[in-house]
Amino acid sequence: MTEIDLDRPVPLHPLVFLEDGDEVTIGRADVDSYGIFPGEGAALVRKLVDGDTPREAAEWFEREYGEEVDIEDVVAGLDELDLIRKSGEVAAEAAPVRFSGLGAALFSPLAWFVYAGVAVWGLFAMVFNADLRPTYHNIFFSDYYMVIQVGLFLAAIPLLFLHESFHALAGRRLGVRSRLRIGRRLYFIVLETSLDGLVAVPRRQRYLPIVAGLLADVLGIAACTVAADLTRHADGTLSGPGRFLLAVAFAALLRVIWQFFLYLRTDIYVLVSTVLGCVDLHGAALQMVRNRFRRLFGKPETDESALHPVDRKVARWYSWLVVVGYTASLTTFVLAGAPVLYRFATGVIGRLTGEGVPTAQLLDSIVFGGVAIAQCAVLGWLMVRERVRARRDRRLHHVIH
């Protein structure tokens with residue numbers, strides 16, 4: 001921890017302040033480190049920014065609000081957020097955000113006109129052509145497991161990056177930096193764009209970066225549907241590429257539906273929690289669920305008073321959604337996912353150990369099995385990484401406090 005002299009000004013980095021109701025978000029845009037302070041706490045930090053010493057700021061606070069403040073604890077909190085310059089460290093300035101111009105163009109009035117045209121075209125194509133409407137039959141565009149799996153996997157990559165790019169560029173047009181990383185939601189592997197700097201943006205401006213990925217998905221579905229319609233055979237039947245595009249569109253539609261599973265902390269969850277003014281709704285809900293089980297088994301509960309008031313209020317109903325959602329997902333996996341995996345596994349093993357299996361089917365099974373094993377390995381690695389990070393954070397928390 002940085003050594004602080006209470007009679008000398010605190011060497012703070014350039015800070016951003018965003019008022020949101022009775023609270024103020026304070027932090028550094030160059031490293032995306034932010035904290036949420038009550039209004040009077042933010043006023044105290046502003047005094048430190050203006051050059052008051054910690055002792056002078058504490059005395060001002062007592063005169064202004066009629067109560068004492070533990071200024072050493074406040075300064076320690078600022079240091080924990082990395083808002084205080086270390087000895088010899090130069091005050092950091094946020095570097096210009098790359099591709100902010102591209103983000104502005106991507107969400108310009110002209111771009112919205114084009115998006116609306118593509119979406120309406122795709123919708124009309126589905127309405128007037130029954131064979132273009134989304135159905136699970138679209139997935140089976142080939143008789144080979146390998147072709148279906150690898151084809152959809154490869155096609156999903158550019159659509160996933162388009163989804164995340166829309167998130168990133170919608171944020172970058174506001175000057176918010178972004179990072180792309182791999183994450184996990186229960187047993188689902190996901191790509192996710194980190195836009196930590198959105199907390200320092202007015203709430204109404206956060207909504208588009210949050211839902212921009214869904215916009216990209218809708219445009220991808222519409223574009224694939226239109227392309228499938230335009231590539232028909234002369235007799236009006238769907239072409240091979242057209243059937244493949246419809247399979248890609250249906251897979252993208254499933255990802256859109258998945259976004260409404262709030263308990264998996266999807267884009268819709270982030271939108272809802274942002275609209276309601278939550279800070280860590282999911283974390284608060286998990287703590288409440290754990291406390292319910294602790295009460296059930298007569299164990300001591302963890303203190304919920306430290307939770308953000310809005311989180312505590314909303315989590316009363318959201319925590320039940322988490323329980324129901326996790327139960328539904330795990331039950332679905334046991335009743336449907338596991339049998340399907342067993343069917344695939346026995347089919348692959350049967351082909352690999354059987355005699356007289358055609359080379360095409362043998363190659364199909366090898367590739368299918370290899371991809372499945374790789375997915376399980378990535379999921380296992382993510383679970384281990386989360387556990388290691390959780391243990392590290394607990395040790396850090398213990399050292400600080």
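In which helix does S319 lie? S319 is part of helix α11, which covers residues 309-353. The model described here is predicted.

**S319 and its surroundings**

S319 has a relative accessibility of 0%, so this residue counts as buried; the cut-off for buried is under 20% relative accessible area. A polar atom of the S319 side chain lies 3.5 Å from the backbone oxygen of R316. When neighbours within four places in sequence are left aside, the contacts of S319 are A285, M288, V289 and R292.

**Annotated spans**

The unreviewed UniProt entry carries the annotation "transmembrane region" for residues 102-124, 144-162, 207-230, 242-262, 317-342 and 362-384. Among them, residues 102-124 are 91% helix and 0% strand in the model, and the C-alpha atoms at the ends of this span are 30 Å apart.

F99 is not a glycine, yet its phi is positive, at about 65°. R265, also a residue other than glycine, has a positive phi near 55°.

| Residue | Loop between | Relative accessible area |
|---|---|---|
| F99 | α3 (71-80) and α4 (100-106) | 46% |
| R265 | α8 (240-258) and α9 (267-276) | 33% |

With a relative accessible area of 46%, F99 is partly exposed. R265, at 33%, is partly exposed as well.

Definitions and conventions
Residues are numbered from 1 along each chain as its sequence is written. This is a predicted model: local features need pLDDT of at least 70, side-chain atom pairs count only at pLDDT 80 or more; totals for chains, interfaces and linings use all residues. Side-chain values use heavy atoms; hydrogens and water are left out. UniProt positions are given in the numbering used here, feature names are shortened, and annotations may be inferred rather than shown by experiment. Helices (H or I, at least four residues) and strands (E, at least two) are DSSP runs, numbered from the N terminus. Buried means under 20% relative accessible area, exposed over 50%, partly exposed in between (1.4 Å probe, protein chains only). A polar contact is a pair of N or O atoms within 3.5 Å; within protein, one must be able to donate a hydrogen and the other to accept it, and residues adjacent in sequence count only if both atoms are side-chain atoms. Contact means heavy atoms within 4.5 Å.
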